[in-house]
Amino acid sequence: MSSTRIDRTPSQAVTTGTRMPIPSARGPVSELLIALLSGSDANPAAFTAAARGSAGEHDGTSIVFDDDAQLSLTLLYELHLQGLAGVPDEWEWNLDLLAGRAALESSFEAAVRTLVAGHHVEAGDVISQLWAMTAPSTGPSMSKFMATDASTEQFQEVLVHRSLNQLRESDVHTLGIPRLSGAPKAALVEVQADEYGGGRLERMHSTLFANTMRELGLSDRYAHYLDAVPAVTLASLNVLSLFGFHRRLLGALIGHLCAVETTSSLPSKNYSAGLRRLGFGARATLFYDEHVEADSVHEQIAVRDLAGKLAEQDPTTGSDILFGAAACLVFDDLLAEHITGCWDRGDTSLRSSPQ
Ligand SMILES: [Fe+2]
Ligand SMILES: [Fe+2]
């Protein structure tokens, strides 16, 4: 494979609380958005018009692979999360930006529904369907390749793809807590408490992931590799934000979490084995070792006590729960196909080297 230069950072203390850096634009919509957020005198209404124009040009699933649209959505969602470096927080509720986001989201949600339509999604017994959808396959998988064959450089690439989400692991799923009540709320709190290390910084899963990145010679700065990841990686991030920022998609957010938890334990075992095969120690593997243990418990809580009880409370959420789970699986597959497809051709799965 061709080599990818990855910005190396010496091992240092965990960097927390940083904002997303302003990335390079990937087209006219993100260029207008970045100009606005960077303090130019560009007209916010021009951004709205550009976003609507972009959304209108897409059909089928094309927006999922559109760098310009996906980067714009990532930045617009980030205004509600840790924020963007040097960008005033007032932009969070700017009506022109929200209107542009709504246009992009409408096209993106339609694309996600098209992608998921090929999968078996229907209302019914939510618990048994979740187990069936997320059952481990016996065929070849990316995690098995990582266990037995992947190089250190390939591990670095995978960590870079995952870093956008894992360095803020769980934050978007947490948005479900205030929207739930009763047993499902208690179940989500129980899972999330573990994700945040029971309130101990050194045990937070985002901290463990940062440790793994540093052990592999990567920067653990929040969103440091934003410029390096392709549209499909951003789309997998954005579909979670789409579910998290819309109360009407609460069921999909819960279903997404169920799919994360039920498909984590076995692959984590493979990733840990691969890192040990390459000579990395416990500090590098702890993130994965922790998920082997924790997610074998989390999957039970998420499927039975969270999704199952939510569907009992409100049977209309059943189809949305399955939709969210299917969407998570579809985007995991798309990202894995992208990465392994690039590797099979001898290419890097990342965009041009981050500076
Ligand atoms: Fe976790
Ligand atoms: Fe978990």
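This is a predicted model: local features need pLDDT of at least 70, side-chain atom pairs count only at pLDDT 80 or more; totals for chains, interfaces and linings use all residues.

Residues are numbered from 1 along each chain as its sequence is written, and chains are lettered from A and ligands numbered from 1 in the order in which they are written.

Switch to cartoon and you get 15 helices and zero strands (DSSP runs numbered from the N terminus: H or I of at least four residues for helices, E of at least two for strands). The radius of gyration is 20 Å, close to the 20 Å from the globule rule for 355 residues, so the chain is as compact as a globular protein of that length; the radius is taken over C-alpha atoms, and the rule is 2.2 Å times the number of residues to the power 0.38.

Next, colour by domain. Domain 1 is 28–116 and domain 2 is 122–344, with bounds from an automatic or database domain assignment. Their C-alpha centres sit 24 Å apart, and each domain puts 18 residues into the contact (C-beta atoms, placed from the backbone, within 7 Å). On the domain 1 side, select helix 3 (67–78) and helix 4 (95–117): these are the elements giving two or more residues to the face that touches domain 2.

Now for the inside. The largest nonpolar core has 100 residues, and Ile254, Cys258, Ala307, Ala325, Ala326 and Ala327 touch the most other members. Such a core is a set of buried Ala, Val, Leu, Ile, Met, Phe, Trp, Tyr and Cys residues joined through C-beta atoms within 7 Å. Helix 15 (residues 318–344) supplies the largest share of this core, 12 residues. Both domain 1 and domain 2 contribute at least three residues each.

Which residues does Ala307 touch? Leaving out residues up to four places away in sequence, the list is Val126, Ile127, Leu130, Ile254, Gly255, Cys258, Ala302 and Ile321.

Last stop: show helix 5 (residues 126–133) with helix 15. Val126, Gln129, Leu130 and Met133 of helix 5 meet Gly318, Ile321, Leu322, Ala325, Ala326 and Leu329 of helix 15. The axes are 10 Å apart, at an angle of about 10 degrees.

Note on methods. A residue is buried if 20 or more other C-beta atoms lie within 10 Å of its own, exposed if 12 or fewer, and partly exposed in between; C-beta atoms are placed from the backbone. Two residues are in contact if their C-beta atoms, placed from the backbone, lie within 7 Å. Axes are lines fitted to C-alpha atoms, for helices over the stretch in contact, and angles run from 0 to 180 degrees between N-to-C directions.
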